Amino acid sequence: MSLQKQAVITHANGLHARVAAMIVQKAYELEHKRQVRLFFRQPGGAAVPAVALMPLVALRVKQGDVLLVEAEGLAAEQAVSEMAAFVESDFPLADAGILSQVDTLLQGNAVTAGQIFVSMANGLIVTDVHDNITVFNPAAERIMGFAASAAIGRKAQEIIPGSRLHVVAQSRQAELGCRQRIGSLSIITNRTPLIADDVVYGAMAIFEDISALEAVIGELRAVKELKERLQLVLESVQDGICVANPDGCITYVNPAYVDLTGQSREQLIGQNVRALSPDGARSRVLSSGQAVLGAIAAKPDGATLIANVSPIIVDGEITGAVSVVKNVSEVPKLMHRLNQMAAKAEYLEQELRRTQKPGPAFRNFIGRSGKAREALAIAAKAADSGATVLIRGESGTGKELVAEGIHYAGKRSAGPFIRVNCAAIPENLLESELFGHEKGAFTGAIRQKPGKFSLADGGTIFLDEIGELSKSMQAKLLRVLQQREFSRVGGEAVIKVNVRIIAATSRNLEKMTRAEEFREDLYYRLNVIPIMLPPLRERLSDIPLLADYFLAKIGSQEGRPSQSLNGEALRGLMAYSWPGNVRELENVLERMVTLSEGGVLTAEDLPVHIRTAAEVSLRHSPAPDSGLQPPFTVETGELQSWSEYEKQIITLALRKYGSYNAAGKALGLTHKTVAAKAQKYGIEKVISWKKSSALGKSINTKSN
């Protein structure tokens, strides 16, 4: 409950310091007696706690002034009445003349002290013996972040986090130079007990915001660190650096300059460049203020130096010059080394493309073989651009997964990804499906329908089996690729679209182009970034990964623990040619899981046609330790393609020698050529177990 009552001051001298002290004492008594909080307020002014002497004195209440008495609490009415009556009374005075002089002196000193507290740049907080705040100056308000009215009369411990004024008052020990943080500010504080006649009356804290000072100190430290770094850089660079003042005297040289000149630092410092070389580049720069670049000088030892000299200009005046000198005699050697490093970098880049992990957008494509990684590396680069992509590969190699990865790894990932299987839509409906139709365009067109290109606006459209399009649809698709516009079936309006096109096919478009079954201009429009996905038979090393993935997926779908393959079953899968690729592998594994009864899938669980093919393959395979023997069949008259022979030769060489360099020497080729061929055919380096064991044994023998 809150209540307010008006009181008219009748005392001749108003509320001077002594009277104010009597009122404060009365307020203390009433607050404890009635369990309320009392405030005084001048009309139109802010409320001040009735128990605070200095704010009450600072109101400068005179005789006849109106003072509002307010109270908060259950007994507010009684407390306000008693306080108002006390304030309106004419306080009894003894020896009025003397007391009047004392009152005048106290009033003057109180006002002066109040003005000092208000004007202080440092924060000031004073508490009484009960830890109640009695003084809270404007600087304290600014630093602490809240008004004096919210602090005065309250206990310091309640409103100031970590306050130690009560500790200082109890211990009678001052705490000086204490650093603390208040919000974003850095504060330095002195806390002192208030003691008179060996009696503690409270404590005070004087504190200062030193954030600006610390910022300056931080800047000075940063400048010092920058200077030290600059010095370290100058001392470490391989170019010679020489600094001269405006008179031409050398003031600094770095170690590289000392090495280039053959003189010591002591000999160089203090030399005058105008006297050493009056027409030299440094002298010209100091005279003209214009930089000189590419000045060439020949040393007696045959070395050729080239220098760039620049003026040091501060506030429009030349304050010196800096010369950077290089020994160009080393350039031919550096060029030779650069060429060697470039060749090595090109080779390592090719290796990196085969071994780097694809981005998270391609995580659904399972594969670590060389060809798979190469295809994903091209796809990841294609994702960064908006160019049209053509994905090639047999059915079941994962063309749609790669298309999805390109979309979600690119700038259009927030847009739609629309799939269209061109082979699954009848010819008479394909145009309507792609471009949409107007109401009444044909029988059954009862409403306007947007096509797939409209739905893909701002995103990507994936045109699978693009090779199945008729010649007329190819022409219409070419218009979209060239002009990014189309018209709906039965409509005349031209619709603009912003869409990226990713196409895929399992057919030989080059052969179709030669046979005039596929438009040549459309082929070149689609084939901006070609990506060739290898069939599963060319990346057999990925079969264990794919098998684990599909077995886990099938187990999750069936709600039971995933099964595993034993070694014989896995070898059987890897010996099969997989004409249906990854899709066929998934179907085979699902069949094996469904028909098997045990937790481990064996060779007996393989379908008959795979088991038969595996037995034939393993029967004709070389023994593990005998080395690969390519099945050349020239003697029998059964010729294979040149690429097949080349693949087998490279495989044999890498199997036998274990490195591109050694294999290249054996074949009479460079290691770069062998690496490129291995990358082309997806061949990985293999070190035989015997060689690895012998090498490990050799290392162990040496270490022992």
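## Parallel sheet

Strand β19 (residues 460-464) and strand β22 (residues 500-505) run parallel and are joined by 4 bridges, where strands are DSSP runs of E with at least two residues, numbered from the N terminus, and pairing requires at least two DSSP bridges. Within this pair, Leu463 stands opposite Ala503 of β22. The model is a predicted one, in which local features need pLDDT of at least 70 and side-chain atom pairs count only at pLDDT 80 or more, while totals for chains, interfaces and linings use all residues. Residues are numbered from 1 along each chain as its sequence is written, and side-chain values use heavy atoms, with hydrogens and water left out.

Both strands belong to an open sheet of 5 strands with parallel pairing, in the order β16-β19-β22-β15-β23. Its edges are β16 (417-421) and β23 (529-532), each of which pairs on one side only. Helix α14 (residues 370-383) packs on this sheet and touches β15 (389-392), β22 and β23, contact being heavy atoms within 4.5 Å; the direction of α14 makes about 155° with that of β23, on axes fitted to C-alpha atoms, for helices over the stretch in contact, with angles from 0 to 180 degrees between N-to-C directions. Helices are DSSP runs of H or I with at least four residues.

## Antiparallel hairpin

Strand β10 (residues 240-244) pairs with strand β11 (residues 250-253) in the antiparallel sense over 3 bridges, and Val243 has Tyr252 in β11 as its bridge partner. The two strands β10 and β11 form a hairpin with 5 residues between them, and in its turn Gly248 has a positive phi of about 100°.
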